Amino acid sequence: MQMQIKLHRWLFSLLIIGALFVGGCGSSPQANSTPTPNPASGESIALSASPSPSNAVAVSSQFSNLPRLEGKATVVMTVKGAPITIELDGTNAPITAGNFVDLVQKGVYDGLVFHRVVREPQPFVVQGGDPQGKDPKFPTARLGTGGFIDQKTSTERRIPLEIKAKGAANPTYSKTLEEAGVKDKPVLMHSRGAVAMARSQSPDSASSQFYFTLTDVPFLDGSYAVFGYVKQGMDVVDKIQAGDRIEKATVTQGLEDFKPGS
């Protein structure tokens with residue numbers, strides 16, 4: 001019986017790993033194998049002490065030209081004719097939320113497919129945002145490998161891992177909280193309805209792919225960047241199946257706090 005429980009946990013861990021990783025595309029790194037606590041065991045990252053200023057990792061100058069959201073914004077995403085209202089938190093995740101607003105404004109998400117949905121053996125995530133999915137002829141097996149290609153640079157836009165710990169003045173960039181030695185919990189946690197960025201092994205590899213959490217997923221806290229929450233329409237998210245498309249995504253509030261970058 002104990003062996004069966006261990007096997008169940010191991011298999012579910014593999015599903016977890018496969019559900020968040022962005023595969024290689026061009027110069028993108030291959031799908032990663034970043035270790036995470038065993039989700040089936042109920043473990044979570046040890047979090048207790050307050051972070052000291054020396055623990056905080058500042059954002060690199062290479063990301064200074066990225067879009068930012070300096071406040072809150074609302075995005076309404078339509079799937080199967082039904083709205084999903086998302087509140088973005090640019091106060092605590094300015095670059096991550098700003099990147100999402102910019103992509104919505106550019107129409108990047110319109111027509112994209114949700115390529116990965118994990119509900120078994122227990123609810124986990126719904127993931128989409130691969131621009132390659134706009135082409136209905138694109139091979140389904142290769143979805144999850146792409147990111148947003150910036151026409152200005154003809155390269156994939158990458159954003160840094162951005163996680164703000166409770167009590168910290170600024171987010172930690174380019175490292176998980178554990179790697180940065182930060183012990184406090186994130187301000188934005190992976191509760192049910194969280195919206196966060198998918199990435200590959202490199203912490204600074206997120207681009208356009210995102211996921212909704214279908215339940216509380218505390219073992220991801222501090223390792224992936226949450227940047228908002230579903231405020232209305234979680235029942236719509238619960239019904240999304242792999243292959244469903246985002247019909248339209250629109251910023252309905254908060255554009256006055258959006259800085260498009262350079």
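Two strands pair if DSSP finds at least two bridges between them. Strands (E, at least two residues) and helices (H or I, at least four residues) are DSSP runs, numbered from the N terminus.

The model is predicted, so local features need pLDDT of at least 70, side-chain atom pairs count only at pLDDT 80 or more, and totals for chains, interfaces and linings use all residues. Residues are numbered from 1 along each chain as its sequence is written, and side-chain values use heavy atoms, with hydrogens and water left out.

**Exercise 1.** Determine how many bridges join strand β3 to β12.

*Solution.* Strand β3 comprises residues 82–89, and four bridges join β3 to β12. The two strands run antiparallel.

**Exercise 2.** Identify the bridge partner of V195 in β12.

*Solution.* Strand β10 (residues 194–197) is joined to β12 by three bridges, in antiparallel direction. The partner of V195 is G228.

**Exercise 3.** State the order of the strands in the open sheet, and name its edge strands.

*Solution.* The eight strands follow the order β4-β5-β11-β10-β12-β3-β2-β13, with antiparallel pairing. The edge strands are β4 (114–118) and β13 (246–253), each of which pairs on one side only.

**Exercise 4.** Explain why β12 is described as largely enclosed.

*Solution.* Strand β12 covers residues 226–232.

Key
Buried < 20%, exposed > 50% of the residue type's maximum accessible area, 1.4 Å probe, protein only.
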